[in-house]
Structures are given as structure tokens and as C-alpha cells.
Amino acid sequence: MDNSQRASNGAANGGYNELRARRGRNVIEERLRSNDRGIIDNPLNYRDEETELPQDVKRFFDDYGLQEVASEKLLLRGALLAQDEQRFKRGEYAPSQIESAALDREEDPKFSEQTKELKVILLTCCVAAVVQGWSQASITGANLQWPVEFGLRKSLCGPIDQIWIFGIVNAVTYFAASVLGAWVSDPFNEYFMGRRGALFVAALFTIGASIGSAFTVSWQTLFICRLFLGIGYGAKASVVPIFEGEVAPAQIRGRLLVSWQTFTAVGILLSSGFNLIFHAPGADKNDACNFADGWRKEVAWRLQVGSTIIPAIPLLFLAFVCSESPRWYAKKGNYCKAFRVLCRLRETPLQAARDLYLIYSQLRVETLVFSKISDVEAKLDDWSDDAEFQRQLRKSTYPRRLRQLFTVNINRRAGLAACIVMVAQQFSGINIFAFLATTLFNAGDKQDPSGGNQTSPHLIQNLWQSFGFALANALFSPLAYWFIDSKGRRFLLLTSLLLMIPLLLATGLSFLSSSNVPHEIFLILYTAAYSPGAGVIPFLYSSEVFPLPNREAGMSLACSVNFALGGVLALVVPQLVNSLGVTKLLGLFAGLDAIAAILVWLLVPGTDQIMSLENMSYIFGVPTTRHIQYQINTVFPHIFRRLVPCLSVKGDLPPLYIWNTRRRDAQELQQWQVQPRHETDTEWISGN
């Protein structure tokens, strides 16, 4: 290359950097507000790697006292890697052989290769999920006996006032989780030392409520104990998926988050097994029993509702052993502790430095944009002073974070999508079986449609049916592990919802007295369709979609919606079984399932491409109307052409989202300047 060519290329690159600097400050803001083009961006793309980025890193290094934990050179290398991995590998600070090998393994990671610290955190979260499932199912076996203990009939066909009492005792846990438990998770995170502290407090609520339930003397006191159980129930659900998502590598975050639903199902299974072991021999006090059976009749249901303490105690200790979320430390401005944790979570310090600087950069941008200050563009462009960024972080109170869920476009769209997937889970009808399995089987049994008093062997059969349902849920949930990061969350959820519609109808028809097909067969098939999709996705998806400044509050909103609907189901299903019968009830939920599938298709963005949590904000920068138009005008015709043999399909489905890869070719830059692709486009990048 001669001197004239070098000069030409240098001028072109200089023009590129000048253009980037001039436009960069409002590009990111615009994409976080209304990302019509669906550009998945990175705020570091707009910092010049030769001048601005080194200055930014030095200021960040000095201002946050990172001299204690890292060198400035390491942090700069991490920032360059976060900005452009391919360019970094060819540049002055290219990775060493060990670092290159670690980066290569990161592209196709295996769980066995993950660090010990990550595995300890995952163990803690898995135990918390077991507590969650155990809390949910512990009342299932007790529902056959505690109404008799407190003078209520156990049958769903009893007087209406007694059925409402039965329903409200079951439902209060979910209403408490919705109204109290889900919403206190943000203050728990704020005032009890982060995710670990919130888990510890939630475990305390679970232990206290379990002990109280075992010694209750009336349905009113059982009601109060289950209310406190609901506070812990809601808090755990709002914290654990977030915790897992924030520590997991982006490439396998979905696979690791599958553990929440999987181990919740394991908790339901273990609790159902405990219900079988400590079942009462009969539900009527007048039954003739031997001494041992009499003892079991008095205390069996108390052991069942109190058994949640078994997994809750280990959770207390694990909450102290595991590390805190590095993103929570970053949110608190403690980047030294965040880096230390990242070093234990990642294979090399270079990867930890990359994640740290990317977390800081996106948090800075989101905090400033969400603040809606008048000179936000200037603040976004001026990285030399973090005073305004820190001031806005300090102003981020709980009421303000709640308000931003409805006033910030990204949060509003993410909240809509998260609430829809949570509604879809409840509309699927699964919690009819999960909450009220034994009583539902009792009411729907073809041999005794009145649901009257049953013999001991028949009660055991109902408990075995409940156990079989829990076993199927635990076995089928892990299927999502192999598809969650390749097919995507949205694909699995839609597939699950569509498959459940005919299976719900078939399950309902099998309860008819004229049917000779055991309803257990269809129930197992239905559970197989539910577990890896509508079972796994809702909490996983909701924990990912909110920006870091509002993540806890957003997850609280989603969980609150889920538990409120769960409480309504637990309250009204006994009435609906009595008035409609099992067959019509399951038919009703098949219709609700179809509605949920339509809502998910139109209003829930997909996240099938592997991306960090920081990338999610740009997904939800895309207006909801743009997503609906894409589904109706692009996706639907494409699917229709593929299904109709006589119609040809031209090319692949055009993507809704475009990855922003930094283009440095002067000719392409010039072409963009001359022929912009959109009148409001501030983008010089294209490609998938």
C-alpha cells in the first residue's frame, strides 16, 4: 500500500470516527426509546477505540478505585473485547493462548466446564426452587384431611360456604405472594444485602409459616400461616430467576435458568412423595382405626404442611455460602466487589473485565436515558464525568422504580410481554392439577362422581395420581435444556400452548363416565407438552427482559400477575368443578389456552439469538405496533406459503432484529452517507 492509499484510508477512518462521535450520543437514546429498525446495539460502538475508550477506561478505573483488584491495562483490554471481539483479537492487545482458548470455549460452553462459584450459586437457586415447589404441593395431601379436622366436609360438593372456606385457605398463599411477597422482593434486595439477603429472609418466612401450620388449631390460624408462607413464596420467585440470570454466561443462560422450573417440579414431586408417606388412613373421624392409624389421622396433614421446613433450612446456609450477583454490586456502585465475583464466575480475568465494563456502560446509559433529564444527549456523550449518573442512581427509590415501569417505553413493553407469558401459564390450566390435584381427581372420578367420603384405598389412589402428575412434570421440564438457547423462549412457549389445547380437551373427555380411556394417559401427555414450554418459559423470560435499574420491580410485577391468577384459580376452581364438572372446566381452559397463544404470538418478542442481558433493552426498544405488524405482515404470510404446497417460498424469513456490527470500510460508509436506508436512520451498520 502506497502513501496516498494510506492517507486516503486514514481520512476515511477519520471520517467514520467523526461521524460516529457526532451521531452516537442520540443513536443509543433513540434505540432505547423507539427502536423501529430493531438494531441490537452496544453503547461502546460509539466510542473511538484509539482515543475516547482509553480515556473512559482510565477515568472509570480511577473513579471507582479499581486499583485494588485489577490493572488499567486489563480493564482496557476487557473494554476493547466488549466493544468488538473480532477487532480485539487482531489488535495490539490480542488475547493470549489461554485467553483465546477460554473465549473459544465460551462459544459452545458445557456445564461441566463452568467455575465452582457458578455451580455453588446454581445449587443455592436449585434448593430455593425445591422449597418453592414443596411449598406449593404441601397443602395438596392435607386438603383431604384438614377440612375434616376443623369441622368442614372434605368433599367439593359440600355447602357453598364451606367450599369457599376451603378455597380461600388454598388461595391465600398465592394472593399473599401476589400482593405482598412479590412486591417486597425489591426492598429485600435493597435493604438486606442483595439477592442472597432476599433469599435468606424469604427462607425465614417459609420456615416460620411451616412450623405455624403444623401446630394450627383452626382454619383461621391455618389461613394466617399460609399468608406468611405466601410472602416467602412470592419473594423467592421474584429473586431466584434474576439471580441465576445475572451470573450465568450469555451463551447458556437459558439452559441454566431451566433449573428454576425443573427443581420447582422436583420440589412438588418430593412433597407429593412426603404426602404419600404420611397420608391418613381415612378422612372421616368415625372410621374404625387401630392405635397407629388413629395417631396418623390426627397428625398426618400437620406433618404434610409443616414439611416445607426440610428444604428451607439448607437454603438458609447456602445463602451465606454463595457469592452475590455482580450486577447488584454494580448497581450499588461497588465495582471492586463486582469484579472479584466476576473473576470467580468466569474462566479468565479478561472475560471478567469485559463483563464488568459492559455492565457499567449499559447501566450508565439506561440510568441517564430513563431519568429523562433535559440534557441527556450531552450527558450520554460526555463520559468524562459520572456525577450525573451517580446522582440519578441515588435518586432511584423504590416508588420511582415502580413508576418507571409504566413511564419508560422499554419497561412498559417488557412488562406487557412478561405479564402475558405469566397469564399464559395460568391460562394453560396446569395449576388446576398442581394446586388441587387430589380433590380434582376425587370430584372427577367416574366411580364416585359425587365426590363423597372415600375409602382409605381410594384416597391413596388419589395421592398416587397427584404423585404421578408431579413425576411427569419433573421428568419433562428438563427437555427445554436442549432447545431453550437454540429455538428460543418464544418458540417453546408457543409450541407448548398449541399442543396443550387438544390435550386439555382429550383429558376432559376422558373424565366422562362413557369414556373407557384412563384420564391419567392424557394427563401425562398434557404435562409433557406443558413442562418444557409453558412451565419453564414464563419465569425465565420475565427475569431477563427488564433493564438492570428496574429488574427487581419488573419481575415483581410479572410474579404478582401470575400469583394473583393462581390465587383466583385456587379460589374458584372448587366452585367451577361443582357447577360445570371436570370436562367442561378443562374445555374452558382449552379456550383460554388458545387466547394465550394468540397474545404470545402478537405481543411477546422472541429472544432466540444468544445475547447478554444488556442486549435485551434494544429488543424492547422496538415498538409493540412494529412487532405486531411484523408477525401479521411478514411471519404469517411466510408460514402460510410454507404450508400450502402450490405456493413457493422465496428465501428465508426476514429477521426483525439486526445486529450492530461495527463497519470500517470507507466505501460502505460513503454509500450510507449518500443513500440512507431510512429518513430517521442514524445507523451505518447492516447485517444479521
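**Rings, charges and cavities in a predicted model**

Mentor: A search of the whole structure finds 26 aromatic pairs. The model is predicted, so local features need pLDDT of at least 70 and side-chain atom pairs count only at pLDDT 80 or more, while totals for chains, interfaces and linings use all residues. Residues are numbered from 1 along each chain as its sequence is written, and side-chain values use heavy atoms, with hydrogens and water left out.

Trainee: Why is the pair of phenylalanine 205 and phenylalanine 228 called stacked?

Mentor: Rings of Phe, Tyr and Trp (its six-membered ring) pair if their centres lie within 6.5 Å, and planes under 30 degrees apart count as stacked, over 60 as edge-to-face and the rest as tilted. Phenylalanine 205 and phenylalanine 228 are 6.4 Å apart centre to centre with 15° between the planes, so the pair counts as stacked.

Trainee: What makes this pair a tie between parts of the chain?

Mentor: Phenylalanine 205 lies in helix 9 (residues 194-214) and phenylalanine 228 in helix 10 (residues 219-247), so the pair ties together parts that are 23 residues apart in sequence. Helices here are DSSP runs (H or I, at least four residues), numbered from the N terminus.

Trainee: Why is the pair of tyrosine 541 and phenylalanine 620 called edge-to-face?

Mentor: The ring centres of tyrosine 541 and phenylalanine 620 are 6.5 Å apart and their planes stand at 75°, so the pair is edge-to-face.

Trainee: How do you know whether tyrosine 541 is buried or exposed?

Mentor: Buried means under 20% relative accessible area, exposed over 50%, and partly exposed in between (1.4 Å probe, protein chains only). Tyrosine 541 has a relative accessible area of 1%, so tyrosine 541 is buried. Phenylalanine 620 is likewise buried, with 1%, whereas phenylalanine 205, with 24%, is partly exposed, and phenylalanine 228, with 41%, is partly exposed too.

Trainee: How do you know that the charged end of arginine 255 sits over the ring of tyrosine 481?

Mentor: A charge sits over a ring if NZ of Lys or CZ of Arg is within 6 Å of the ring centre and within 35 degrees of the ring normal. The charged end of arginine 255 is 6.0 Å from the centre of the tyrosine 481 ring and sits over that ring.

Trainee: What makes the lining of the second largest cavity partly charged by class?

Mentor: Asp, Glu, Lys and Arg count as charged, Ala, Val, Leu, Ile, Met, Phe, Trp, Tyr, Cys and Pro as nonpolar, and the others, Gly among them, as polar. By class, this lining has four nonpolar, three polar and five charged residues, and the residues that line the second largest cavity include Arg105, Glu106 and Glu113.

Terms used: Helix = DSSP H or I, 4+ residues; strand = E, 2+ residues; numbered from the N terminus. 1 Å grid on protein atoms, 1.4 Å probe; cavity = no way out; pocket = protein on both sides within 12 Å on 5 of 7 lines; lining within 4 Å.
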